[in-house]
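Dear colleague,

Please find below the structure that I am handing over to you, with its sequence. My notes on it follow directly after.

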Amino acid sequence: MANNFLRWILTFCMIYSVSGEGCSLILKPSRVVVAFGEPVSVSCEAARPVRVLGWESAISAAHTQHEMSVQWKVDSLIDWIEEPICYGVFFTAPRQCEEKLNLVLYKTPDSVSIRPVNHNGPMVEGKEYQLLCEVQNIAPVQYLTLRWYRGQTEVYNHSFSDLTSSSPVQVSSTLIITPTKAENGAQYRCVAELDLGPEGPQPPPTVTSEPLNASVHFPPVFLSPETEVLDFIAGAEITLNCTATGNPTPVYSWLSSHPVHENKRLEDDSVLTSSTLLPGTYTCTASNTLEKKSKQFIVKAKSKGREDWQSIHVHVITTHCALNHIFFCFFLGV
């Protein structure tokens, strides 16, 4: 009979209780962050004489009479909807009040993975692609931030503060990229970071996906794309450098206005070196599965310039002067 009467009083007090600044209850600590399955203990203290002091809880209710503090304790917290409330019935007004514990039960994700969306194999430079990061069983999701990295550089982050679920959920984030040739071989990672505030673990717990290695195909690009002009010197070695970058690796072919008297193997090389090339135009083509690009080399025979003809003219006159009258040489200025 006494127990029933006490329950009735407690129920009445809970209905007509006050909370906040007018309440004389102090929770120590006032905010608790607990990992799933870990123990937790919180003390509720009365700041003035109290008739009944207790905790209302789904799994660990407790109360005491006339004591100034009461403890809420759980050996292994696994209830995602637990909301402990400390209540007090006092001798003086306000006679009833309550304080709800700010309790955060968290769980790091089972897995974090990253994959392309609707695409397999290498990417092509300049085209748009989507990468998907998936996070399995994380709570509470409103404290989660997904951070995208290319190499060591953060390129995007996605928070979920607008969600309110307290139990584990699955979430995802999409990164849109337009890769360049410079990103060939780059590694993309997705990092799930659970920032639970100063009461939570420091630094915030993180789980990182396996890296996604980006293979980017791009057409051939010559190291020096401009047409090159080289002087022909009989018997001298000439080098034509047609090297290009590309993915897949470019293959090479040569065409000439004259036959190239070289081994056939040289026709597939990016660099053509020979001492038997004749004057003319040589065209190199670098190609891969995306595109073909060409570059020209012009080998020119070195013609006699004005200075060469002047030199020959002076030589002839000088020889003539040596055989004829000195006044004639003076007149010619020799």
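I begin with a strand pair: E13 runs antiparallel to strand E14 (residues 153-159), and 6 bridges join the two. Strands here are DSSP runs of at least two residues, marked E, and helices are runs of at least four, marked H or I, all numbered from the N terminus; two strands pair if DSSP finds at least two bridges between them. Within this pair, Leu146 lies opposite His158 of E14. The hairpin of E13 and E14 has 2 residues between the strands, and Gly151 adopts a positive phi near 65 degrees there.

Please note that this is a predicted model, in which local features need pLDDT of at least 70 and side-chain atom pairs count only at pLDDT 80 or more, whereas totals for chains, interfaces and linings use all residues. Residues are numbered from 1 along each chain as its sequence is written, and side-chain values use heavy atoms, with hydrogens and water left out.

Salt bridges

The structure contains 8 salt bridges, each defined as a side-chain nitrogen of Lys or Arg within 4 Å of a carboxyl oxygen of Asp or Glu. One of them joins Glu154 to Arg147, at 3.2 Å from N to O. Glu154 is partly exposed, with a relative accessible area of 33%; the classes are buried under 20%, exposed over 50% and partly exposed in between, computed with a 1.4 Å probe on protein chains only.

Another salt bridge connects Glu228 with Lys295, their closest N and O atoms being 2.6 Å apart. This pair links distant parts of the chain, since Glu228 belongs to strand E20 (residues 228-232) and Lys295 to strand E26 (residues 292-301), 67 residues apart. Glu228 is partly exposed at 25% relative accessibility, while Lys295 is buried at 3%. Elsewhere, salt bridges with shared partners connect Arg147, Glu154 and Glu193 in one network. Lys107 also forms a salt bridge, with Asp110, the closest N and O atoms being 2.6 Å apart; Lys107 counts as buried at 19% relative accessibility.

Nonpolar cores

A nonpolar core is a set of buried Ala, Val, Leu, Ile, Met, Phe, Trp, Tyr and Cys residues joined through side-chain atoms within 4.5 Å. The largest has 27 residues, and those with the most contacts inside it include Leu131, Cys133, Leu144 and Leu146. At least two residues of this core come from each of strand E9 (102-106), E10, E12, E13, strand E15 (169-177) and strand E16 (187-194). E12 gives the largest share, 5 residues. Beyond its neighbours within four places in sequence, Leu131 is in contact with residues including Trp148, Leu175, Ile177, Tyr188 and Leu212, where contact means heavy atoms within 4.5 Å. A second, separate core of 24 residues includes Val32, Val74, Trp80 and Phe90.

Backbone exceptions

Most residues other than glycine have a negative phi, and most peptide bonds are trans. Which bond joins Lys28 and Pro29? It is a cis peptide bond, with omega about -5 degrees, and Pro29 is found in the loop between strand E1 (25-28) and strand E2 (31-35). The bond from Ala139 to Pro140 is also cis, with omega near -15 degrees; Pro140 is in the loop between strand E12 (129-138) and strand E13 (144-150).

Asn118, not a glycine, has a positive phi of about 55 degrees and is exposed, with a relative accessible area of 81%. Asn137 in strand E12 has a positive phi near 55 degrees and is partly exposed at 32%.

Yours sincerely
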